[in-house]
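Hi everyone, thanks for coming.

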Amino acid sequence: MNFFLEGIYQTVGEHLPMWLMMLIAAVTGIAVVLGMVSLIAMFSVWLERKVSGHIQCRYGPMYVGWHGWLQSIADGVKLLLKEDMIPRDADRVLFMLAPGLVLAAILGAFAAYPLSPGIWFGDIDLGVFMIIAFSSMTTIGVVMAGWASNSKWTIYGSMREAAQVVAYEIPLGISLLVPVMVAGTFNLREASALQADWFGMKWFLFTNPFMLPAFVLFFIAALAETKRAPFDLPEAESELVAGFMTEYSGIRWSFFFMEEYAAMFLMSALGAVFFLGGFESPLTHFAGEFFGKELVVVGASGAKELNFAAIPYHLVAAVTLIAKCFFGVFLMMWLRWTLPRVRIDQVMTMGYKYLTPLSLLCVLGAALWEAGKHALFGS
Amino acid sequence: MTRETQSTPAASTRVQRLGAGELSVDIRTPDLEVNFGPQHPATHGVMRILMRADGELVTGAQPHLGYLHRCAEKIGENVEWLQYLPYTDRYDYLASMNNNLGYSLAVEALLGVEIPRRATLIRIICAELNRIGSHLVAFGTYGLDIGAFTPFLYTFREREWMMALFEKICGARLTYSYIRIGGLFNDAPPGWFEEVSRFCDVFEQKWQEYVDLLLVNQIYVKRTANIGIISREMALDFGLTGPMVRGSGIDWDLRRDMPYMCYDEIWRAGAFKIPVARGEMGALGDCWDRSWVRVMEMIESIKIVRWCLDNMVEGPVIADIPKTLKVPLGEAYVGIENPRGELGHYVVSDGGKVSIRTRVRGPSFCNLAVLEDILPGSLVGDAIAIIGSTDIVVGETDR
């Protein structure tokens with residue numbers, strides 16, 4: 001949103017007080033993040049239903065709009081109109097707070113998501129940390145929801161969630177450390193820019209033999225982190241009814257739903273930026289060559305000016321990243337509709353005994369490889 | 001004593017003095033009592049299992065039945081022989097053809113009536129197709145219990161065709177009442193046998209799909225192998241039948257061992273085998289073995305159907321029996337191999353128009369009893385897998 005704000009600042013900036021500028025920045029940022037998360041969630045829900053439908057030899061939604069593309073809106077209206085029930089014995093305050101906390105956490109995490117190489121909500125140097133920290137916060141909301149519902153199934157669900165996320169956050173973080181170490185930055189935008197060589201194909205995945213195992217480990221851990229099948233134990237439909245969401249209905253329930261899809265997108269974004277080249281692709285490369293890359297240039301008068309000619313490049317870059325993210329989301333959906341669910345002890349065993357040591361090995365291997373490369377070829 | 005402490009007898013706080021200043025406190029939280037059902041996605045109907053759990057570990061389980069009790073057996077003593085037939089559809093609604101068959105055979109044993117050959121062969125075709133349909137549901141929903149959604153829809157795709165076949169032959173999709181006392185309701189429509197043959201061809205390919213997709217899936221194997229183990233002795237003690245007992249490595253199938261209709265002829269012709277579990281993926285008698293038996297039985301049923309199609313004869317499909325049936329004095333018990341095990345009908349007649357005793361030995365009901373012994377010690381996730389592997393139909397346990 002820096003681009004938008006820069007525009008405002010360039011045109012009317014001198015006439016506005018600082019606090020108003022900051023207010024505008026905050027409001028636009030929140031509005032855009034909220035809109036984006038809603039859109040992503042709605043599109044993902046539609047995509048999930050279509051993907052599952054086609055995997056299962058059926059069509060999925062077909063009636064609301066062309067191939068049911070308005071289905072999510074219809075569902076949203078239905079959820080808004082549903083009765084908002086709170087169980088009598090529930091802890092009312094926590095029960096109402098939990099879905100909000102879950103959604104707020106994932107919205108916060110989106111602050112570190114770069115829209116394009118030149119447009120961002122917040123150019124955060126510790127972007128990876130921020131995303132992982134915020135997405136861990138959703139766990140607190142889930143545990144809160146399970147506890148406040150005061151039902152045995154929900155407590156099972158939330159305890160499983162807590163155990164699972166604690167187990168899988170370690171391999172998630174460590175496997176992400178491999179590309180971070182190679183890149184030398186935690187900033188998503190900068191990490192993406194480092195992969196621009198070879199006509200936009202110098203993805204981290206191709207630059208180090210330890211990247212591929214790290215990516216696989218990261219993907220498995222991300223599945224567990226976002227509670228997706230085969231690690232959907234906190235919801236485990238056939239075991240725990242609906243896990244921690246059992247007692248929720250209507251719009252509060254849909255908050256959990258939105259969080260799940262937003263988290264999927266965000267995890268895929270991390271994977272896309274740190275393994276699959278982020279914004280970079282041959283298409284982005286040639287768009288950059290053709291249109292120019294800088295959005296803000298120093299004009300003839302010496303003052304900063306907006307370079308509108310570069311906008312197509314930024315559009316191409318943004319679409320590239322979003323496409324890569326949805327590729328990851330699609331992979332997660334594909335797995336969900338193919339694989340059975342693993343058991344809780346198998347989840348724990350896999351997390352602690354296999355993924356964590358393997359991800360540490362990956363870090364070690366990648367570090368040695370980079371050091372060796374540096375020693376042999378210099379830089 | 002307050003009411004609070006009475007309700008949690010398992011709670012105990014043990015304080016042990018070890019030495020000067022040392023204090024060891026062993027606080028045991030009470031086991032969680034979870035009502036598993038009657039409305040729960042994995043109980044396959046309205047069954048309630050009162051489960052005690054220590055965290056994720058199940059420490060005790062007690063099935064509670066009766067939510068679907070409809071007095072089926074008592075009704076059998078109040079309506080005429082022929083009128084009871086539709087009630088048999090309702091107890092194991094996934095295998096209605098077999099239920100019809102069991103009751104018809106029991107009454108026919110009293111009547112001593114000769115069933116036309118064509119009727120017998122069509123009966124076998126229907127019973128075996130119904131067995132396939134029932135096992136498809138069992139296998140598909142078992143996948144659902146384990147967490148695999150998609151195979152469920154694949155199995156239902158083939159079951160849909162099976163039901164369409166039944167719709168063509170008798171007009172109903174679930175409760176057929178097609179196999180009547182003395183024969184069949186009517187003859188198969190033109191082209192029906194050809195379509196059954198086509199179904200067999202297609203099904204064999206699809207069956208391979210289920211095996212590849214789910215049965216040998218690594219996660220599926222890890223989830224089902226070595227859990228819910230029923231030893232040979234246990235299987236015999238509990239009187240398990242059907243895939244449950246064959247899943248424990250006991251070679252027992254009524255179609256061969258207590259033959260009815262012309263199954264012995266088909267067996268002698270070598271048309272089918274009886275799959276008996278060997279404990280391939282883990283201990284003998286685990287959940288995987290039971291699901292393997294079901295999957296293998298489907299393909300054996302196809303072979304039986306093929307044999308019947310090849311040996312089909314022309315002729316009438318119902319014996320000459322009066323509309324108001326009077327059954328001679330006597331009693332009869334006929335057990336048949338239902339998809340879930342031995343379905344026995346015991347009928348007593350005083351020579352009148354109404355039975356004076358109708359009793360049913362339901363396979364699901366007898367197989368269910370073993371749950372109380374095999375559930376404790378498993379995890380909650382396993383408990384669902386074990387309940388699913390017994391493949392009960394609550395309509396039949398409660399009748």
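Before I count anything: helices here are DSSP runs of H or I with at least four residues, strands are runs of E with at least two, and both are numbered from the N terminus. Keep in mind, please, that this is a predicted model.

Let's start with chain B. By that DSSP assignment, chain B holds 17 helices and 10 strands. How does the radius of gyration of chain B agree with a compact globule? For 399 residues the globule rule gives a value near 21 Å, and chain B comes out at 24 Å, which agrees. Along the principal axes, the C-alpha atoms of chain B fill a box of roughly 95 × 50 × 35 Å. Of the 399 residues, 49% count as buried. And if you take the contacts in chain B with a separation of 6 or more, 70% of them join residues 24 or more positions apart.

Now let me zoom in on one helix, α4 of chain B, residues 96-111. Its 16 residues reach 22 Å from the first C-alpha to the last, close to the 22 Å expected at 1.5 Å a residue. Is α4(B) mostly covered or mostly open? Mostly covered, with 15 of its 16 residues buried.

Last stop, the contact between the chains. Chain A puts in 21 residues and chain B 26. On the side of chain A that touches chain B, the elements giving two or more residues are α6 (152-183), α11 (237-240) and α15 (344-377) of chain A. That side of chain A divides into 11 nonpolar, 4 polar and 6 charged residues.

Thanks, everyone!

Terms used:
Residues numbered from 1 in each chain as written. Chains lettered and ligands numbered in written order. Predicted model: local features only at pLDDT ≥ 70, side-chain atom pairs only at ≥ 80, totals over all residues. Expected span 1.5 Å × (residues − 1). Buried ≥ 20, exposed ≤ 12 C-beta atoms within 10 Å, placed from the backbone. Contact = placed C-beta atoms within 7 Å. Nonpolar A, V, L, I, M, F, W, Y, C, P; charged D, E, K, R; others polar. Rg over C-alpha atoms; globule rule 2.2 N^0.38 Å.
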